[in-house]
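Open the structure in your viewer and keep the selection tool at hand. The stops below say what to select and what is there.

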Amino acid sequence: MILSVLSSFALVSGLMVVRAKNPVHSVLFFILVFCNTSGLLILLGLDFFAMIFLVVYIGAIAVLFLFVVMMFNIQIAEIHEEVLRYLPVSGIIGLIFWWEMFFILDNETIPLLPTHRNTTSLRYMVYAEKVQSWTNLETLGNLLYTHYFVWFLVSSLILLVAMIGAIVLTMHRTTRVKRQDIFRKNALDSRRIIMKEDGRDLSRREAYIYNEYISFGSPRVSGFETSGGA
Amino acid sequence: MIIDTTEVQTINSFSTSGFFKEVYGLIWIIPILTLILEITIGVLVIVWLEREISAAIQQRIGPEYAGPLGILQAIADGTKLLLKEDLLPSRGDIRLFSVGPSIAVISVLLSYLVIPFGYRLVLADLGIGVFLWIAISSIAPIGLLMSGYGSNNKYSFSGGLRAAAQSISYEIPLTLCVLSISLRLEIGRNDQVVHPYDSDLDSSTVDIVEAQSKYGFWGWNLWRQPIGFLVFLISSLAECERLPFDLPEAEEELVAGYQTEYSGIKYALFYLASYLNLLVSSLFVTVLYLGGWNFSIPYIPIPELFRINQMAGIFGMTIDIFITLAKAYLFLFISITTRWTLPRMRIDQLLNLGWKFLLPISLGNLLLTTSSQLVSL
């Protein structure tokens, strides 16, 4: 029952990703797809992967999508857009995809499908897992970090390339940008910098008043405001 | 969870036996409701504690009108917020506006599933344990973004973006610290021989606490991972959006950030989510670093004196809960004191701290942990 609930929610959310008019709603339905897929992974017994889906897809990728969609002025799709002109090509692609799915799946996995292949269903109990079972983490670590570590290192190099790309795109040219060094500014002593009109330096009292002007906006403001809130 | 076991067994999969519990009937609702009651009372206590401790720090008297010593202050606040008018922005996205606070609360409440208050006092002893908290707390920024966007207010939107950026930045040092703890050495239980492929090496919270139980006070993960403890402390304060990482709801900078347009019970939900998050963070600090429910004074056999029957001692369980809450209070006190003593950080200072300081340090902590295990310390 849970399987059908989760998969139907996933399918409906996937449909709404495409059909929602507001792009923010579209991304939020996208998030719903991942939530439901994570539930499906739990049903498959892949608990670690379900959590990884939540962390990576929803926590990172979907948040990235949301930042982009929310901050750019993407126009909301018009109601009377002609969707039917996409029908020939998309219909062919959809039919090919549909036929591929029916070719792979058969009657044993999904009993209600009207396919012709009726292989004998191999339902067996894995007794070995009841005696001594590995967690998902252990199996993943055993494969990924010992036998297939090269793939792991290659994928980390790909991510490094993406990171360098982001830094290159957003790096300021440091020669032409004026920056403030706050620690240096605070360490400056105003008495040595400011000179009065008749050539004298500031006295201690005048330096104190100058500091108060800078910090509080007017001299002789004592105390500070505590942050309110319940 | 009622699952269809035939569908699962057709797929050859490895899973810990503790993860699937076949539930017959609604009997699970009783522990869940008990935990929710405990958490609600915990939030009321934390609100009162915050008022009292902040009053003590500012040298004034705290709440004194609502109930004796102001104990009912939180209930008074809650009732006030319940009875206020529920305003909706006229041109904002009403559905997103309404759902936003709920997502923030749901993601925090689900994290209570894996906190052990005692050896058997955990709602779900999952194999992935602590990682469930990290995964589900990754959903919270979505709620904040939805609230900020649906408010139709530039400043709320900006506050929501900043809050989401802060949340996702501090998740990474948090996860790396938790990872360093999960890499503990194999601790054999008293009655088992240690196998090389024992399923003890998972992120289960009960196992993490059990691994700290041997030497009393000196067995805490606090001594094994001091840098990790500090990084975890800072990161969890930032995840809860408490001061000094308070910018999303700062009153001087952004009015109230993403919470500006909220009134009544929706605002109460944000308020509740903040304190629930604080409580779950402090409980995780206890579980991960301070030894959980173990009575941590070494060489005193008090637990053995009182536990006549190991598994069913009610007094033993009460002691365990009490010890967990007392240790959680330490972190609560630290975070409330921090809120009322330290100034607020600016958003760029905050993000700098998360990415450029805490992330390399937590990676270094991970490196130190793994290398010290290679040397078999």
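UniProt positions are given in the numbering used here, feature names are shortened, and annotations may be inferred rather than shown by experiment. The model is predicted: local features need pLDDT of at least 70, side-chain atom pairs count only at pLDDT 80 or more, and totals for chains, interfaces and linings use all residues. Residues are numbered from 1 along each chain as its sequence is written, chains are lettered from A and ligands numbered from 1 in the order in which they are written, and side-chain values use heavy atoms, with hydrogens and water left out.

Colour by secondary structure (helices are DSSP runs of H or I, at least four residues; strands are runs of E, at least two; both are numbered from the N terminus). Residues 86-105 of chain A are 90% helix and 0% strand, with end C-alpha atoms 28 Å apart. For residues 148-169 of chain A, the figures are 95% helix, 0% strand and 33 Å.

Next, select residues 1-20 of chain A, listed by UniProt as "signal peptide" in an unreviewed entry. This span is 90% helix and 0% strand, and its end C-alpha atoms lie 28 Å apart.

Go on to Phe72(A), in the loop between α3 (47-71) and α4 (87-104) of chain A. Phe72(A) has a relative accessible area of 54% and is therefore exposed (over 50%; buried is under 20%, partly exposed in between, with a 1.4 Å probe and protein chains only).

Now select Met51(A), Leu66(A), Tyr112(B) and Phe232(B). Among the 93 residues of the largest nonpolar core, these touch the most other members. Such a core is a set of buried Ala, Val, Leu, Ile, Met, Phe, Trp, Tyr and Cys residues joined through side-chain atoms within 4.5 Å. Another core lies apart from it, with 6 residues, including Phe97(B) and Ala163(B).

Finish with the rings. Over all chains there are 19 aromatic pairs (Phe, Tyr and Trp rings, the last by its six-membered ring, with centres within 6.5 Å; planes under 30 degrees apart are stacked, over 60 edge-to-face, the rest tilted). Select Phe30(A) and Phe34(A): their centres are 4.9 Å apart and their planes at 65°, so the pair is edge-to-face. Both sit in helix α2 (residues 23-43) of chain A, 4 residues apart. Phe30(A) is partly exposed at 24%, whereas Phe34(A) is buried at 12%.
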